[in-house]
Amino acid sequence: MLFRSEGGIYIHGNSFSDGLRNDHGTIQATSAGYQGVIIASNTFSGGVFNSGSIFGDNATGLEITSNTFSGGIENTGTISGDAPGLIVDVGNFTGDVNNSGLIQGFNADGADLSGTNFQGSVINSGSIVGTSDGINIAFDNFDGDFNNQADGEITGTRGARIGGT
């Protein structure tokens with residue numbers, strides 16, 4: 001399935017509980033400055049699964065700015081943008097970030113994960129590529145682990161930058 005629109009998919013509102021699943025499809029923003037997917041609901045549960053392609057046009061591929069996000073992110077496909085490929089900027093994140101595909105930021109970090117509280121693991125067995133940091137993890141409270149597996153690749157001026165804000 002191919003989904004192309006000026007602004008990709010925008011999920012907002014007070015609460016969204018069914019998650020987002022892209023099974024081998026393509027989600028693509030077609031106008032400059034628009035994310036492929038933006039999740040900005042106050043509370044989002046059910047997680048994000050991508051086995052297809054999510055592209056931002058002069059913007060982020062997947063951007064999550066919810067207050068509370070649960071269910072994790074699993075990527076076996078491609079998430080990319082001209083800004084970071086993946087931005088997570090949340091109050092509370094519960095679940096794993098598991099990448100066995102490609103997350104790429106063409107003119108920025110590959111992935112930026114930040115906010116107040118993180119509970120879960122960041123696991124990479126794929127590729128996370130940025131022109132600045134490959135991945136930047138900056139939560140005030142990080143309860144979990146970071147695991148770049150033997151077949152995982154993180155590439156950037158600094159591969160992985162991990163620390164509190």
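Q: What makes Gly 95, Asp 96, Val 97 and Asp 145 count as contacts of Ser 121?
A: In this predicted model, each has heavy atoms within 4.5 Å of Ser 121, the limit for a contact. Neighbours of Ser 121 within four places in sequence are left aside. Ser 121 itself lies in strand E17.

Q: Why is Ser 121 called buried?
A: Its relative accessibility is 13%. Buried means under 20%. Ser 121 therefore counts as buried.

Q: Why is Gly 126 called buried, and where is it found?
A: Gly 126 has 8% relative accessibility. The limit for buried is under 20%, so Gly 126 counts as buried. Gly 126 is found in a loop, between strand E17 (111-124) and strand E18 (127-130).

Q: What is Gly 126 in contact with, leaving aside its neighbours within four places in sequence?
A: Gly 126 contacts Asn 99, Ser 100 and Gly 101, and also Asp 151, Gly 152 and Glu 153. Ala 150 is 24 residues from Gly 126 in sequence, and the two C-alpha atoms are 9.7 Å apart.

Q: Why is Ala 160 called partly exposed?
A: The relative accessible area of Ala 160 is 40%. Buried is under 20% and exposed is over 50%. The value for Ala 160 falls in between, so the residue is partly exposed.

Q: Where is Ala 160, and what does it contact beyond its neighbours within four places in sequence?
A: Ala 160 sits in strand E21, residues 158-162. Its contacts are Ile 135, Phe 146 and Ile 154. Ile 128 is 32 residues from Ala 160 along the chain, with 9.4 Å between their C-alpha atoms.

Q: Why does His 24 count as exposed?
A: His 24 has 66% relative accessibility. Exposed means over 50%, so His 24 counts as exposed. His 24 is in the loop between strand E4 (20-22) and strand E5 (26-29).

Q: Which residues have a positive phi although they are not glycines?
A: His 24 is one of them, with a phi of about 65°. Asn 58 is another, with a phi of about 55°. Asn 58 lies in the loop between strand E9 (53-55) and E10.

Q: What makes up the largest nonpolar core?
A: The core has 28 residues. Val 48, Ile 64, Ile 73, Val 88, Phe 93 and Leu 113 have the most contacts inside it. Strands E6 (37-39), E10 (62-64), E14 (86-94), E17 and E19 (133-148) each supply at least two of its residues.

Q: Which residues does Val 88 touch, not counting those up to four places away in sequence?
A: Val 88 touches Ile 64, Ile 73, Phe 93, Asp 112, Leu 113, Ser 114 and Phe 139.

Q: How many charged side chains does the chain have?
A: There are 4 positive and 17 negative side chains. The centres of the two sets lie 5 Å apart.

Key. Residues are numbered from 1 along each chain as its sequence is written. This is a predicted model: local features need pLDDT of at least 70, side-chain atom pairs count only at pLDDT 80 or more; totals for chains, interfaces and linings use all residues. Side-chain values use heavy atoms; hydrogens and water are left out. Buried means under 20% relative accessible area, exposed over 50%, partly exposed in between (1.4 Å probe, protein chains only). Lys and Arg count as positive and Asp and Glu as negative; His and the chain ends are not counted. The place of a charge is taken as NZ of Lys, CZ of Arg, CG of Asp or CD of Glu. A nonpolar core is a set of buried Ala, Val, Leu, Ile, Met, Phe, Trp, Tyr and Cys residues joined through side-chain atoms within 4.5 Å.
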